[in-house]
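Here's a quick walk through a two-chain model, written for someone who has it open on screen. Have a look at the fold before reading on.

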Protein chains: 2
Amino acid sequence: MGILVVGSVALDTVETPFGRVEEVLGGSAIYFSVSASFFTDVRLVAVVGDDFSDKHIQTLKKRGIDLQGLEKKPGSTFRWTGKYGFNLSDAQTQFLGLNVFADFSPRIPEAYRETPFLFLANIQPSLQLEVLKQLKRPDIVAADTMNCWIAEKRKDLLELLKRVDILTINESEARQLSEEYNLVKAARRIQAMGPKILVIKQGEYGVLMFEGDQIFSAPGYPLETVYDPTGAGDTFAGGFMGYLVNTRNFGSENLRRAIVFGSVMASFNVEDFSLNRLVKLTYPEIEERYHQFKRLSHFEGI
Amino acid sequence: MGILVVGSVALDTVETPFGRVEEVLGGSAIYFSVSASFFTDVRLVAVVGDDFSDKHIQTLKKRGIDLQGLEKKPGSTFRWTGKYGFNLSDAQTQFLGLNVFADFSPRIPEAYRETPFLFLANIQPSLQLEVLKQLKRPDIVAADTMNCWIAEKRKDLLELLKRVDILTINESEARQLSEEYNLVKAARRIQAMGPKILVIKQGEYGVLMFEGDQIFSAPGYPLETVYDPTGAGDTFAGGFMGYLVNTRNFGSENLRRAIVFGSVMASFNVEDFSLNRLVKLTYPEIEERYHQFKRLSHFEGI
C-alpha cells in the first residue's frame, strides 16, 4: 500500500558557490518520492505543465513511483530560481513562477483513497486539508509547512495540525509557529496543537525529534563536499517516512532509526545538484552510511 | 598531580533576557577550574587585583583548587560587561577593563613545573608560549584561543599550535583559523598545524571532535531554561580535560566519554548566572545527566 505524497514538482535553477544548474528536476514531492522509494511504494499527487519532459517522467518511473496522480495541465511547470552563499543554509529566492501550480487543487485518484500513510509536503494548509477530506482515515498523517503559511494562513494551519500525527519543520519555523524561542518549550506547545511526534530540522546540525516527553538528537553528517542543499528537508522526510512505512513500527526505537535513515538520505542528496546523487544511490550505500552515523555519534556508558 | 590551567579571572556584569548580575565571579580560568575540580586536582595560574574579594577565594578553595599560582597585584581585577539577546549565542561586549590583566605575565610556581597536564585558556598566544617554556615537558598540552588572536597574532598562534595536542575552538574560529568554510576541511587543515585532537564547539548544537581521521559528534543538551551562556566553552573544557586527566586514558572511546562529560558540565553551567549552578552541583547529578545524554543520542544499529 505504501505512502501517498502530495506536494510540488518544480523545475529549479540553482546557484551555489560550487556551480549552477538550470531547469533541473525539483520540488518537495519529487525529493520526498525519490527518497522514500528506496524503502516503500510511493504514490505521487502533484501537477506539472505541458512542458514537463518525458525524461523526468522516466526518472520517476525508474524509481517505481506511481504517477497515476501526477496531473498534466496546459501551461508551464512551477519554476524556482535560488542562490546560496557559502554557508549553504538559506537560499535567496531570485525568481518564483507558480504557473500551473498557482491553481493546484489536489485530486486524489479513487485507487489512492485508502492509502494508510500520507505525507502532506509543503503546500497551502487549506489544500492540505482538502487532501485529508478525500482520504478514508489514513493510519498516519505527516506534514510539512513553511514560514509564509505560519504567518498568513495560521488559522487553516492550526485546523490541519489537529489532524497531523507527525510534523516536520525547521528550527526557525518551530519558533515562529509556537511564538517561543526556547526549542524545548516550542516543541511542547506544538505538540499540544496536535502532532504527537515533532521533528525539528536543524540543517547541518542534524535533527531533534520530540516524541511524547522523549527527545532524540541525531547529528548532521560532516561532509567534505556539500554542493547543493536544495531538497534536503524533503529528502530527509522521504527516508524517515519511507522507513517507517516499510517497517510499520512506530515505537520509540524504530522512530529513532527512521530519523537516522532520513538523515542518511539527506546527507547523500546534498552531495550533488538536483536528484543527481539520489538517482545513482544503492541500498548498500545507504546501509553503509547508517553505520557511519552510528560510529559518528556513538559513545560508551559509564 | 592533576592539571594546570593558565587564563583569566574576571568580574563579570552580564545581562540576558532572563536577568542581570553585576561583578560576579567569571573568567576562562575560573570556569575551567571549577568544572575540572569535579574530576581531578586543579592548579590555577592567573592574576587578580587587590579588590578581589575573599568570598571568591573561598569559593575556589571549597572546590579544592590550588591557588598558589593566583597572583594578587595592586589595582583592579579584570572587568567584563556583556549583553545577550534571545538567541543567547553571542554576547555583545559593552565594557572591557583589562586592569591588572593588561600586564599579565604568567609565572609558574616551582612546585607546578612538572604538572603533566596543561590547559592554556584563552590569553595572548605569546603568553601561552611563555607558559610552555616554564614547564618541564608536560605530557599533554591543551589550548583555547579566540578570533582576535587568530587575526592579529597569527604568527605566534601558529608557533604555539605546533606544540599543542588538543585545541578547543568554536566553529567560526575554526573557519577563521583554517581559512576554509567547510568544517571537515577546516579541521584537516588545523590538525596539520599541530593539534592531533581538535574539538570544535558549536554552542547549543553540541561539539564535533576530530581525532586522527575519526569524527565524533556530541549533541547539545536541549534545556528548557538557559539563563546565561557565559563560560560554557571553558566549563566544557574543564569537564573534558578533567575527566581525561582523572582516567589517564587518551584512547578514542575515552576521548568520546570525556567530550560528553564536558558537555554535561556546560549544560549545567548555562542553567544559572556566573558559577551559581556549578558550585551547587554534585557528582551524582553529573552522572545522571551523562545517562540522559546517552538516551538523548542513542539509536540502535541495523
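## A parallel pair

In chain A, strand S1 (residues 3–6) runs parallel to strand S8 (residues 117–120), and four bridges link the two. Strands here are DSSP runs of E of at least two residues, helices are runs of H or I of at least four, and both are numbered from the N terminus; two strands pair if DSSP finds at least two bridges between them.

A word on bookkeeping: residues are numbered from 1 along each chain as its sequence is written, while chains are lettered from A and ligands numbered from 1 in the order in which they are written. The model is predicted, so local features need pLDDT of at least 70 and side-chain atom pairs count only at pLDDT 80 or more, while totals for chains, interfaces and linings use all residues.

## The whole sheet

That pair sits inside an open, mixed sheet of nine strands in chain A, ordered S5-S4-S1-S8-S9-S10-S11-S12-S13. Strand S5 (66–73) and strand S13 (214–218) are at the edges with a single partner strand each, so one side of each has no neighbour in the sheet. From one strand to the next, the twist averages 15° (axes are lines fitted to C-alpha atoms, for helices over the stretch in contact, with angles from 0 to 180 degrees between N-to-C directions).

## Chain A overall

Chain A has 10 helices and 13 strands in total. Of its 302 residues, 51% are buried, meaning 20 or more other C-beta atoms lie within 10 Å of the residue's own, with C-beta atoms placed from the backbone.

## Where the chains meet

Chain A puts 29 residues in contact with 29 of chain B (C-beta atoms, placed from the backbone, within 7 Å). Helix H7 (183–192), S13, helix H9 (252–269) and helix H10 (283–297) of chain A each supply at least two residues of that side. H10(A) gives the largest share, five residues.

How are the two copies related? A rotation of 180° with 0.0 Å of shift along its axis superposes chain A on chain B, at an RMSD of 0.0 Å (least squares on C-alpha atoms of residues with pLDDT of at least 70 in both). That is the relation of a two-fold axis. In chain A, A:Tyr205 has the C-alpha nearest the axis, 3.2 Å from it.

Notes: A residue is buried if 20 or more other C-beta atoms lie within 10 Å of its own, exposed if 12 or fewer, and partly exposed in between; C-beta atoms are placed from the backbone. Two residues are in contact if their C-beta atoms, placed from the backbone, lie within 7 Å.
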